[in-house]
Every structure is written in C-alpha cells, then in structure tokens.
Amino acid sequence: MNGKIKKIKIVSIIVFAVSAFFVLFFLIKNHKKTTFVTEPQSKKLILGFSQIGSESAWRTRNTQSIFEAAAQNNIQILFDDAQQKQENQLKAIRSFIVYQVDVIAFVPIVEGGWDNVLMEAKEAGIPVILVDRKINADPSLYAGFLGENSIEEGRNAARFLLKKFRDRQDDVLIFEMSGTENSSVVKDRASGFREIINTNPKFKIIHTENGDFLSSRGKEICNNLLADNLIENGRTTNTLYFEGQKIDAIFSHNDSMTLGFLDSLDAHKISIKDTVIISVDAEQKSIDALKKGKLNCVVECNPNLGPALMELIEKISQGEAIPHQTYIPERVFCEDDDFAGYEPRNY
C-alpha cells in the first residue's frame, strides 16, 4: 500500500514539473514577443551643425533657434563654431562624416571651396543642408538650402529708397556698407538692390565699403567718414561726405555694421537727419533706433530657422526629397509704421 502511494506521489511530482515547465516556457516565449512588439528601439537622429560664429545678436539667435527646435524634436546636435574661418568648417564637416551623423547642416562662410568635402559627404551617404547662405557647387552635392531670400532683401531696401526720394529731381548719392567678401548674402543683397535702383538713373552708388558684417568695422567706417568731413567741411556740419560728395543715403547689409556706425555718430555727438539710412536684419536694437528716428528703414532677415530645419531633417530621415530652396517669411519695417504694433524681438 505504501509503495503504491509513493508511486502516485512520484507521478504527481513529475506531472507537476512537466506542466510547470511548459507554462514557464509559454510565458517566456510570449513575454519576448510582447517586448518586441510594444517597445521597439527608436534611433535618435544626430545632426552635425557648423555655425560661422557668434559675431552678432542675429547670429546668436540663429544658433539658439536651431538648438531649441532640435530639443523639441528629440534630435541630437554635434555643434561646431567655425569662428569665421572656412578651414574650421571643412574640418568640422569631415569630423561629422567620420562620426557618421544622419544629417549635416552648415552656414557657409563663403560661396566657393566646398565641392570636395560635399563629395565626401555624398559618398558617405550623409545628406547636407545649407543654412542661411548659399554656395557655388554642383547642386547634386547637397540636399537643399534653407534661409532668407537675400536678393529680395536688397530689392526691398531699394524700393524704400525709390519711394523716399520719389519727388526729388537731383541725383541721390548712395554709400554702401557690404558684408563679408565672397559670401552669397552680400552678392545677392547687392544684386537685388542694384536691380531696383538701376531703373532710375538719378540713384547712384558712389562707394561700396567692406564692413565684414562687424560692428567694429561699421564704427571704423563712420570714423573715417567723419574725419574726412572735419578736414573738408569744418566742425559745424552734420552732413556726411565721401570724397567731397554729399551722402544722401546709406545702405548697410546688416545691423551690426549699422549699429556700430550709429555708435560712432553718437560718440561724436553728430546727428545726420538729412541722410537716409537703411539696414538689414531687424534686431531689437535696430528697431529701437528706427523708433528714435536714427534709421529710416529696416529690412528683416529672419534668424528663426530652427523649426523649418527640423522639418527638413525629418523628411530626409524618412527618405523623402526636400525642396532645393526653402525661404523663410520676412517683412520690412519703415519710419512711417505704427510702432505700437511692433512686438518685442528676442534678439
């Protein structure tokens, strides 16, 4: 009898063990399936971004916009500040290629000299987006451009000038402060500006000075003009001259140069109410100067490119083509605007 009971116990133990084994096997197998389906591993996109520097409030805001948008879209950034040197950008782009980032975006300092590094990126299968400035290169070497319409910015500056002097019969003499030599924005703004003023022969550019987009250069240019004025016209004049010619209008390619120019005027306690000044960018300080009557027109160059850049990156990552040129909306601020409608700017 005892032997029979022992056999029953042994059989029961075996049956229980086998049953437990199959239940455990089923649970483990089913758990693996559930984990795979409900918790897929998502890869975080990595953007290699090279900025030209931090020479102005506009440029700083441009960088901030891209970082803010990247954070909101869960995109990681490998960042490089080129400090206004093309060789630094070339090194940065090659380091992005070695790191195998998903997308490269950069603000080209100048137009030329990019073909080789862009070919390297293409061979590595990494798409490239140009930001803010354009280049002279085979269009097939980069995915697209995102930024301002610099030609239209130049046109808008000239349109204001034509309207401002529409009733004047005499020649209108223009002094131009341009930005970094061989950069696309300088060429495009100059081209757009000339396209419009050349429709009326009374508008004449008497001199173009390279201010390299820097406040210090704007101040230096103004100091040189004032020194010539003192020699040629004595200390009583508030009129600007260049080589004996009265300057009727100043077209400045960016706010940094313009604000440096105004700083010099303030330091010398000189007011040039009879000289029309047009600037490009629309930083808060230039808007403030417009309200005070120190500027006559400010053409916006929108630095907030971050959200649009992240949209392009997301499309590229999904295998979609992007437009070869994407322009950001911009506006023009004028002396006769209703300033009460101006919203504070964050740069």
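Colleague: Where is the place of Ala282 in the chain?
Modeller: This is a predicted model. Ala282 is not a glycine, although its phi is positive, at about 75 degrees. Its place is in the loop between strand E11 (276-281) and helix H9 (284-291).

Colleague: Is Ala282 buried or exposed?
Modeller: The relative accessible area of Ala282 is 0%. Buried means under 20%. Ala282 therefore counts as buried.

Colleague: What is the phi of Phe213, and where is its place?
Modeller: Phe213 is in the loop between E7 and helix H7 (215-233). Phe213 is not a glycine, yet its phi is positive. The value is about 65 degrees.

Colleague: Is Phe213 buried or exposed?
Modeller: Its relative accessible area is 5%. The cut-off for buried is under 20%. So Phe213 is buried.

Colleague: How many helices and strands does the chain have, and what share of its residues is buried?
Modeller: The chain has ten helices and 14 strands. It holds 347 residues. The buried share is 47%.

Colleague: What share of the contacts with a separation of 6 or more comes from residues 24 or more positions apart?
Modeller: The count takes in contacts in the chain with a separation of 6 or more. Residues 24 or more positions apart account for 74% of them.

Colleague: Why do H2 and H10 count as oblique to each other?
Modeller: Helix H2 (residues 57-72) and helix H10 (residues 306-317) pack with their axes 7 Å apart. Their angle is about 50 degrees. Angles under 35 degrees would be roughly parallel, and 65 to 115 roughly perpendicular. H2 and H10 are therefore oblique.

Colleague: Which residues of H2 and H10 meet, and what are their classes?
Modeller: The crossing of these two helices is right-handed. On the H2 side are Ser65, Ile66, Ala69 and Ala70, and they meet Gly306, Pro307, Leu309 and Met310 in H10. By class, the contact has six nonpolar, two polar and no charged residues.

Colleague: Why do H3 and H4 count as roughly parallel?
Modeller: The axes of helix H3 (residues 86-99) and helix H4 (residues 115-123) come within 10 Å. They cross at roughly 10 degrees. Angles under 35 degrees count as roughly parallel. So H3 and H4 are roughly parallel to each other.

Colleague: Which residues make the contact of H3 with H4, and how do they divide by class?
Modeller: H3 supplies Leu90, Ile93, Arg94 and Ile97. H4 supplies Asn116, Val117, Glu120 and Ala121. They divide into five nonpolar, one polar and two charged.

Colleague: Is Glu87 buried, exposed or partly exposed?
Modeller: Glu87 has its place in helix H3. Its C-alpha atom is 10.0 Å from that of Ile109, 22 residues apart along the chain. Its relative accessibility is 45%, so Glu87 counts as partly exposed.

Colleague: At what angle do H5 and H6 pack, and is their crossing left-handed or right-handed?
Modeller: The axes of H5 and H6 are 6 Å apart. The angle is about 35 degrees. The crossing is right-handed.

Colleague: What are the classes of the residues where H5 and H6 meet?
Modeller: The H5 side includes Ile151, Arg155, Ala158 and Leu162. The H6 side includes Val185, Arg189, Phe193 and Ile197. By class, the contact has nine nonpolar, three polar and six charged residues.

Colleague: Is Thr199 buried or exposed?
Modeller: Thr199 is in the loop between helix H6 (184-197) and strand E7 (203-210). Its C-alpha atom is separated from that of Leu162 by 9.5 Å, 37 residues apart along the chain. Exposed means over 50% relative accessible area. Thr199 has 58%, so it is exposed.

Colleague: Which residues does Arg168 touch, not counting those up to four places away in sequence?
Modeller: Arg168 lies in the loop between helix H5 (150-164) and strand E6 (172-178). Arg168 is partly exposed, at a relative accessible area of 27%. The C-alpha atoms of Arg168 and Lys202 are separated by 9.0 Å, 34 residues apart along the chain. With that sequence limit, Arg168 touches Lys202 and Asp248.

Definitions and conventions
Residues are numbered from 1 along each chain as its sequence is written. This is a predicted model: local features need pLDDT of at least 70, side-chain atom pairs count only at pLDDT 80 or more; totals for chains, interfaces and linings use all residues. Side-chain values use heavy atoms; hydrogens and water are left out. Axes are lines fitted to C-alpha atoms, for helices over the stretch in contact, and angles run from 0 to 180 degrees between N-to-C directions. Helices (H or I, at least four residues) and strands (E, at least two) are DSSP runs, numbered from the N terminus. Angles under 35 degrees count as roughly parallel, over 145 as roughly antiparallel, 65 to 115 as roughly perpendicular and the rest as oblique. A crossing is left-handed if the near helix is turned anticlockwise from the far one by less than a right angle, and right-handed if clockwise. Contact means heavy atoms within 4.5 Å. Ala, Val, Leu, Ile, Met, Phe, Trp, Tyr, Cys and Pro count as nonpolar, Asp, Glu, Lys and Arg as charged, and the others, Gly among them, as polar. Buried means under 20% relative accessible area, exposed over 50%, partly exposed in between (1.4 Å probe, protein chains only).
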